[in-house]
Every structure is written in C-alpha cells, then in structure tokens.
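Open your viewer and get ready to click around. We'll go stop by stop, selecting something and then looking at what is there.

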Amino acid sequence: MILRDEQALQTVLAELEKGGDFAQLAVRFSQGPTAIKGGDIGWIRPGELAAELRPAIENLDVNETSPPLEVEGLYHLFRRVP
C-alpha cells in the first residue's frame with residue numbers, strides 16, 4: 001500500500017489496529033498502481049524491491065503488516081499473505 005500523506009497513513013493504521021482488512025483499506029486509500037487489486041503485488045523476493053523497501057518485508061510473518069516506511073515522501077505498508 002502506498003500512501004501520499006501522514007493523515008491517510010494514520011487513518012489506515014488506526015483501521016488496521018481495529019482489525020480492518022488490509023486489501024479493502026488498500027482499495028480505499030492506496031495511491032499505488034495495485035490499489036485496485038487490494039494492494040496485491042504478487043509473489044516477490046526482497047531483492048526485487050528497491051533497497052529502501054527491503055527491510056520492511058524481509059522478516060514478515062504470514063498475515064503480518066510491516067511498520068510504515070517513508071521513502072521520498074511516500075509511506076509504504078506491506079502485508080505478507082499465505
């Protein structure tokens with residue numbers, strides 16, 4: 001999920017904390033190209049991501065959401081799915 005501002009980030013984090021569905025939140029809030037697909041970027045290895053984003057996914061457990069990562073003014077959230 002790619003968010004353009006901190007307000008959207010805080011809204012998404014609050015919804016996730018309450019048990020909100022990552023995919024539905026991605027459709028509603030993400031500005032990324034995969035938003036329409038619930039943020040699904042498909043199967044990737046950490047090495048396929050930009051170096052700044054790799055730490056966010058390298059150690060995620062299944063169904064775990066990464067902490068937000070800010071890169072060049074955009075906030076990125078990842079969720080590992082089975």
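**First stop: H76**

Select H76 and show its surroundings: leaving aside neighbours within four places in sequence, H76 is in contact with M1, I2, L53, S66, P67, P68, L69 and V71. Contact here means heavy atoms within 4.5 Å. H76 sits in strand β3, and at a relative accessible area of 10% H76 is buried. The cut-offs: buried means under 20% relative accessible area, exposed means over 50%, and partly exposed is in between, using a 1.4 Å probe and protein chains only.

Before you go on, note that this is a predicted model, where local features need pLDDT of at least 70, side-chain atom pairs count only at pLDDT 80 or more, and totals for chains, interfaces and linings use all residues. Residues are numbered from 1 along each chain as its sequence is written, and side-chain values use heavy atoms, with hydrogens and water left out.

**Second stop: the sheet**

Now switch to cartoon view. In what order do the strands of the open sheet run? The order is β1-β3-β2, 3 strands with antiparallel pairing. β1 (2-3) and β2 (69-71) are at the edges with a single partner strand each, so one side of each has no neighbour in the sheet. Strands are DSSP runs of E, at least two residues long, and helices are runs of H or I of at least four, numbered from the N terminus. Two strands pair if DSSP finds at least two bridges between them.

Zoom in on β1 and β3 (residues 74-76), which pair in the antiparallel sense over 2 bridges. Pick L3 and look across to β3: its bridge partner there is Y75.

Keep Y75 selected. Not counting residues up to four places away in sequence, Y75 touches M1, I2, L3, D5, E6, L9, L69 and E70.

Next, select M1, L3, A8, L9, V12, L16, F22, L25, A26, F29, Y75 and L77, the 12 residues of the largest nonpolar core. Such a core is a set of buried Ala, Val, Leu, Ile, Met, Phe, Trp, Tyr and Cys residues joined through side-chain atoms within 4.5 Å. Helices α1 (6-17) and α2 (22-29) each supply at least two residues of this core. Another core, of 7 residues, lies apart from it and includes L53, L60, V71 and F78.

Is V12 buried or exposed? At 0% relative accessibility, V12 is buried. You'll find V12 in helix α1, touching M1, L3, L25, F29 and L77 when residues up to four places away in sequence are not counted. Try the distance tool on the C-alpha atoms of V12 and F22: they are separated by 8.5 Å, with the two residues 10 apart along the chain.

Select E72, in the loop between β2 and β3. Its phi is near 50 degrees, a positive value in a residue other than glycine, and E72 is exposed at 79% relative accessibility.

Then jump to N63, in the loop between α3 (54-57) and β2. N63 also has a positive phi, near 70 degrees, and is partly exposed, with a relative accessible area of 44%.

**Last stop: the lining of a pocket**

Finally, select I41, G42, I44, F78 and R79. Of the 31 residues lining the largest pocket, these lie nearest its centre. A pocket is an open set of points on a 1 Å grid over the protein atoms alone, where a 1.4 Å probe fits, with protein on both sides within 12 Å along at least five of seven lines; lining residues have an atom within 4 Å of a point.
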